[in-house]
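These are my notebook entries on a structure I had not opened before. I wanted to know what packs against what, and which residues stand out.

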Amino acid sequence: MNFFVKTALIAATALAIIGIRPLSAEDKSLVSVRTVVIDAGHGGKQPGTLYGRILEKDITLSVALMLGKMIEEAYPSVKVLYTRKDDSFVSLYDRADLANKNNADLFISIHVNAAKDNSARGSETFVMSSDKTDSNFEVCQLENSVILLEEDYSSKYAGFDPNNPESYIIFSLLQNAHVEQSLSLASLIQENMGKGPITRNRGVKEGPFLVLWQCTMPAVLVELGFLSNSSDRAVLTDRQSQKKMASSLFRAFKSYKQLYDKHIDIPETVTSDIGEKHAGNYGIQIMSGKRLLKKNSREFKGWSCKYIKSGKTYKYYIGQYGTRDEAAEALKTIEKSFPGAFIITLPQ
């Protein structure tokens with residue numbers, strides 16, 4: 001079968017294959033943080049980046065457990081789940097599946113970087129995107145290659161091959177409804193991480209990470225620093241410095257929670273593709289991104305969609321409903337086409 005034909009078929013069935021379970025209308029009626037999944041990258045037979053006896057999997061687990069404890073102590077009402085709490089191997093599928101099955105509101109994956117150039121240093125945070133720029137693609141391939149250690153990975157991930165650039169076409173055929181929230185958290189993480197102990201801020205980046213693509217909630221992947229750099233390595237392996245990095249992640253989580261628990265979903269700058277005022281109070285957001293799509297775009301799957309522009313982000317939504325109950329009822333049907341959909345307040 002032609003690869004591109006096969007890819008189109010994969011995209012059409014991918015949501016079912018990866019086991020996404022849509023949330024209920026009640027669960028998605030508000031954007032808030034009640035359950036967070038903390039993902040310590042790698043583990044078990046997959047050590048991740050290494051330098052001598054220093055292993056990425058040990059550093060990520062240490063920071064993940066510290067971060068989780070901070071959230072649990074500060075917010076007893078927030079449910080904190082871990083993809084692993086010991087040195088065990090967990091597939092990328094199971095990491096995302098844990099978050100999806102528990103209706104998580106946030107997914108934070110913690111990793112450590114490496115580069116052939118040992119002068120490369122600093123932290124960076126990724127959000128899901130089909131972007132494959134040369135500077136990001138090497139990191140994406142490295143993180144996605146974990147699936148090669150899984151049994152029957154080819155069928156589990158719908159034929160995806162992390163080492164084949166053509167396989168990454170599949171990422172461009174599906175949209176993420178939570179790009180805006182993911183970017184918001186990523187920016188807060190980099191703002192706080194840049195305060196130290198590793199002060200080099202490499203910024204927010206985008207890339208086709210399999211573990212993020214499978215998540216049906218805002219999700220980020222944090223690279224704490226470079227184990228290949230002597231300066232970063234000294235920090236990454238120091239227990240007190242790990243605690244400081246966990247504190248930086250916690251401060252970012254705290255700011256994000258404060259922002260979205262207030263249900264701030266009305267952008268400061270608003271434009272609409274129909275150039276008229278909104279007739280209702282609520283809509284169903286199905287996706288967001290930096291591209292302006294045409295009205296008949298295939299991404300809308302035959303639905304009539306409008307958009308709101310907030311900064312450089314386009315937020316695409318369906319419907320205009322007078323009450324939240326009406327929107328919640330409509331969401332039951334819309335989420336069959338867009339499992340990541342959720343209710344937003346429309347500007348008047």
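I began with a term: a nonpolar core is a set of buried Ala, Val, Leu, Ile, Met, Phe, Trp, Tyr and Cys residues joined through side-chain atoms within 4.5 Å. Buried means under 20% relative accessible area, exposed over 50%, and partly exposed in between (1.4 Å probe, protein chains only).

I noted the basis next. This is a predicted model, in which local features need pLDDT of at least 70 and side-chain atom pairs count only at pLDDT 80 or more, while totals for chains, interfaces and linings use all residues. Residues are numbered from 1 along each chain as its sequence is written, and side-chain values use heavy atoms, with hydrogens and water left out.

**Overview**
I found eleven helices and twelve strands in the protein. Helices (H or I, at least four residues) and strands (E, at least two) are DSSP runs, numbered from the N terminus. The protein has 348 residues, and 57% of them are buried. I then looked at contacts, meaning heavy atoms within 4.5 Å. Of those between residues at least 6 apart in sequence, 80% join residues at least 24 apart.

**Cores**
Which residues touch the most other members of the largest nonpolar core? I listed Val36, Ile38, Ile71, Ile110, Leu224 and Leu249, in a core of 43 residues. Elements giving two or more residues to this core include strand S1 (35-40), H2, strand S5 (106-113), strand S8 (219-226) and H10. Leaving aside neighbours within four places in sequence, its contacts include Ile38, Val63, Leu67, Leu224 and Leu249. Another core of 27 residues lies apart from the largest one, with Leu81, Ala104, Leu210 and Leu221 among its members.

**H2 against H10**
Two packed helices are described by the angle between their axes and the distance between the axes. Axes here are lines fitted to C-alpha atoms, for helices over the stretch in contact, and angles run from 0 to 180 degrees between N-to-C directions. I read that the axes of H2 (residues 56-74) and H10 (residues 239-260) come within 9 Å and cross at roughly 50°. H2 is therefore oblique to H10. Contact residues include Ile59, Val63, Met66 and Ile71 of H2, and Arg239, Ala246, Leu249 and Phe253 of H10. The contact divides into eleven nonpolar, three polar and two charged residues. Ala, Val, Leu, Ile, Met, Phe, Trp, Tyr, Cys and Pro count as nonpolar, Asp, Glu, Lys and Arg as charged, and the others, Gly among them, as polar.

**Helix H3**
Is H3 (residues 92-101) mostly buried or exposed? Seven of its ten residues are buried, so H3 is largely enclosed by the rest of the structure. Among the buried ones I noted Tyr93, Arg95 and Asp97. Asn103 follows H3 and has a positive phi, near 50°.

**Single residues**
His42 has a positive phi of about 65° although it is not a glycine. I placed His42 in the loop between S1 and strand S2 (50-51). At 5% relative accessibility, His42 is buried. Lys301 also has a positive phi, near 55°. Its loop runs between strand S9 (282-289) and strand S10 (306-310). Lys301 is partly exposed, at 46%.

I checked Asn192 in helix H7. Asn192 is buried, with a relative accessible area of 6%. Beyond four places in sequence, Asn192 touches Ser248, Arg251 and Ala252. Last, the peptide bond from Gly196 to Pro197 is cis, with omega near 10°.

Technical notes
Angles under 35 degrees count as roughly parallel, over 145 as roughly antiparallel, 65 to 115 as roughly perpendicular and the rest as oblique.
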